[in-house]
Amino acid sequence: MKWFNTLSHNRWLEQETDRVFDFGKNAAVSTGFGWLGNNGRVRADMGTHLWITARMLHVYSVAASMGRPGAYQLVDHGINALNGALLDNEYGGWYACVNDDGVVDASKQGYQHFFVLLGAASAVTTGHPKARKLLDDAIAIIEKYFWSEQEQMCLESWDEAFNETEDYRGGNANMHAVEAFLIVYDVTHDRKWLDRALRIASVIIHDVARSGEYRVNEHFDAQWAPIRDYNKENPAHRFRAYGGTPGHWIEWARLMLHLRAALEARFETPPDWLLDDAKGLFHATIRDAWAPDGADGFVYSVDWEGKPIVRERVRWPIVEAMGTAYALYSVTGDAQYEAWYQKWWDYCTKYLMDYENGSWWQELDTDNKVTTKVWDGKQDIYHLLHCLVIPRLPLAPGLAPAVAAGLLDINAR
């Protein structure tokens, strides 16, 4: 049974994409895009986070290029927020969180700044007149503070004034740097962004994860030595969970395939390990995290022997898994990847899609009932594009540039 690139499945994806876009519009607030609760209304108590606002700018840049009425106005709204309440006019960069009363968290987080880079690059593809300057400003901050020429990797965070940085080095921030660098390359055609993405992937995946049965270590010291017991006392941390976070393993696999495709589009021969390691990450995720306790779903985290730690089923890992299954099928033509893709869609329609309140539930317990142990609310719709839009695109150029280039079709390609 075939779904990929069929008229009927692509039309179904298109309908679900519009349902999700309509839900996300509710997040717009005066300071950017707010934290949406499970009922689809903004939770004012959570403030306006930089990562949510930047991701929603990226999302609605895609929607604008898809011709969705109202999306361009949300692009404008996101750019204005990044030039307004979230911008630090004194020290540069962007605040981590603000609210109507001012700054809540003034720290400068790499994870969040890489989403500013992604959102700005995606906005450029819409033709918005302020987008390129925003991208140039974001690039300048990344170059000055977050890309380390000495380490050839990305730093994690700074204080408000960019005086002190953590000794900690994070795999999660570096993974999203790879994601952003690929789109910046598509927009600027500057080869260094591909070189940097390849370097990051080679360290975190090919050097470290491959030697550990593809259980990706995300926590490192300043010399890039793994810290295996990091956050052991706080295993359900949203951004720095203890042990391995399999959703990131399979997300890494897709990004490596995009990088591979970008190199091929330059008529270059990518290293063989990009595909080999992508396969290894995909199958390690299934091996350790899919239904290890008998119930379907991906557990949130596992230890270094692959045993579950946090068993809750968070939404984004399975969304990333579906995007990666499509990417691997695109490269290999192997039917096993489409079979997994179909199995995971069956799971999502049964347990995760919320037709009463909108969008998808963010977290389920071990019985696949809605819970809030790790995440409370439906913060944004960024990850959902990776199962709703990416399966209708080539792997290069990246998401927003590909849609803006007219490469998305609801019909079979």
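Guide: Let us start with one term: a residue is called buried when its relative accessible area is under 20%. Please keep in mind that this is a predicted model.

Visitor: Is H248 buried or exposed, then?

Guide: H248 has a relative accessibility of 6%, so it counts as buried. It belongs to helix α8, which covers residues 246-265.

Visitor: Which residues does H248 touch, beyond those up to four places away in sequence?

Guide: H248 touches N172, M175, E218 and W316. With E218 there is also a polar contact between the two side chains, at 2.6 Å.

Visitor: What does UniProt list for "active site"?

Guide: The UniProt entry, which is unreviewed, lists H248 and H383 under that heading. They are spread over 136 residues of sequence, yet they cluster in space, with a largest C-alpha distance of 11.8 Å.

Visitor: Where does H383 lie?

Guide: H383 lies in the loop between β13 (363-364) and α12 (385-388). At 9% relative accessibility, H383 also counts as buried. Setting aside residues up to four places away in sequence, H383 touches R55, E251, W316, V319 and E320.

Visitor: Which positions carry the feature "binding site" in UniProt?

Guide: The unreviewed entry places that feature at R55, Y111, N172, H176, R238, E251, Q362, Q379 and H383.

Visitor: Which of this set does the lining of the largest pocket take in?

Guide: The lining of the largest pocket includes Y111, N172 and R238 from the set.

Visitor: And where are Y111 and N172 found?

Guide: Y111 is in helix α4, residues 110-124, and N172 is in helix α6, residues 171-188. Y111 has a relative accessible area of 11% and is therefore buried. N172 is buried as well, with a value of 7%.

Visitor: A change of topic: how many residues does the largest nonpolar core have?

Guide: The largest nonpolar core has 145 residues, and those with the most contacts inside it are W252, W344, W345 and W360. Beyond residues up to four places away in sequence, W252 touches several others, including M175, I204, V216 and L281.

Visitor: What is the order of the open sheet of 3 strands?

Guide: The order is β3-β4-β5, and the pairing is antiparallel. β3 (48-49) and β5 (102-105) stand at the edges with a single partner strand each, so one side of each has no neighbour in the sheet. Between β3 and β4 there are 2 bridges, and H49 stands opposite C97 in β4.

Note on methods
Residues are numbered from 1 along each chain as its sequence is written. This is a predicted model: local features need pLDDT of at least 70, side-chain atom pairs count only at pLDDT 80 or more; totals for chains, interfaces and linings use all residues. Side-chain values use heavy atoms; hydrogens and water are left out. Two strands pair if DSSP finds at least two bridges between them. Helices (H or I, at least four residues) and strands (E, at least two) are DSSP runs, numbered from the N terminus. A nonpolar core is a set of buried Ala, Val, Leu, Ile, Met, Phe, Trp, Tyr and Cys residues joined through side-chain atoms within 4.5 Å. Buried means under 20% relative accessible area, exposed over 50%, partly exposed in between (1.4 Å probe, protein chains only). Contact means heavy atoms within 4.5 Å. UniProt positions are given in the numbering used here, feature names are shortened, and annotations may be inferred rather than shown by experiment. A polar contact is a pair of N or O atoms within 3.5 Å; within protein, one must be able to donate a hydrogen and the other to accept it, and residues adjacent in sequence count only if both atoms are side-chain atoms. On a 1 Å grid over the protein atoms alone, a cavity is a set of points where a 1.4 Å probe fits but cannot get out, and a pocket is an open set with protein on both sides within 12 Å along at least five of seven lines; lining residues have an atom within 4 Å of a point.
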